[in-house]
Amino acid sequence: MLFKQQALLRQKLFVLGSLVIGSVLYLVARVGTLDRLQPICPIESRFHPSEPEQIPLRTLQFKRGLLHELRKGNATKEQIRLHNLVQQLPRAIIIGVRKGGTRALLEMLNLHPAVVKASQEIHFFDNDKNYARGIDWYRGKMPFSLPHQITIEKSPAYFITEEVPERIFKMNSSIKLLIIVREPTTRAVSDYTQVLEGKERKNKTYHKFENLAIDANTCEVNTKYKAVRTSIYTKHLERWLKYFPVEQFHIVDGDRLITDPLPELQLVERFLNLPSRISQYNLYFNATRGFYCLRFNIVFNKCLAGSKGRIHPEVDPSVVTKLQKFFHPFNQKFYQITGRTFNWP
């Protein structure tokens, strides 16, 4: 009886030993295979700008995973250190204009795996209190990113605030500046509509657009009305050109970004020296919302906030015509300076 038990035990040990040896041999073979594959597609090459076709997958994993955790404050310091994540100052800023499509542009550029966006408007350069907090405070407001990625922020008030060009120049004289514009009268009405909605939400009354845009005493365009002043693009741009050459600006067509965004985004990719990554797959038209939404992958889609695409109030056609005639000479000068022409009235 004892002999049979010993024989059975030896048999079990033999089978177990065979399984262990087999597992070890499999792992050795597997590691060898991975070692052989590694030089074909090393991790570093996937991030290297000279080999753009290898960037997206790994980077998107960071952007949709760990970087998301960082924004929520869930990532640990060890994760940050291991993945070489940093808070970088922006290498490009969307400086304006208000109601030109700055949010849409920022969100669409965030489709690119080499771009990381600041989620909120920082208002560092146009706000004296924030600016006094210093550049380290500003850097601390930036998202975590990989060293090869470009951080972009947008604060449309930058474009019209007098102190901002000099302040940004002092931070980085070679920074790339993005300006997104719409037909000036349309932009002014959109500006008014946003303010009107805010007033109505608080049950407050507000003037009609016509009464704000036209001076009742002279019956001429009221240049003291902020929505009108903002649409005089060339006046603001001339102030920026005292500090930056025109080559550091890229003008984005905000009207085209609504109807056919991909060509505009491809122009921005080239301006930022990024490999072409955003494709038609990433953009799909939402008939219910009336504008394009974003597709990051088969799982993650995103549309802009419901406040985008507000319906504009009816404006007296004679006021529209008066505004278009007023803006016309300024538009012509804007075309001449920037080298980009629009089909504005």
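Visitor: Which residues does Ser155 touch, not counting residues up to four places away in sequence?

Guide: Ser155 touches Ile94, Ile95, Glu121, Ile122 and His123; contact here means heavy atoms within 4.5 Å. This is a predicted model, where local features need pLDDT of at least 70 and side-chain atom pairs count only at pLDDT 80 or more, while totals for chains, interfaces and linings use all residues. Residues are numbered from 1 along each chain as its sequence is written, and side-chain values use heavy atoms, leaving out hydrogens and water.

Visitor: Why is Ser155 called buried?

Guide: Its relative accessible area is 0%, and buried means under 20% (exposed is over 50%, partly exposed in between, with a 1.4 Å probe and protein chains only). So Ser155 counts as buried. Ser155 sits in the loop between strand E5 (150–154) and helix H8 (164–171); helices (H or I, at least four residues) and strands (E, at least two) are DSSP runs numbered from the N terminus.

Visitor: Which residues have the most contacts inside the largest nonpolar core?

Guide: They are Leu105, Leu109, Ile152, Leu265 and Leu283, in a core of 29 residues. A nonpolar core is a set of buried Ala, Val, Leu, Ile, Met, Phe, Trp, Tyr and Cys residues joined through side-chain atoms within 4.5 Å. Helix H5 gives the largest share, 5 residues.
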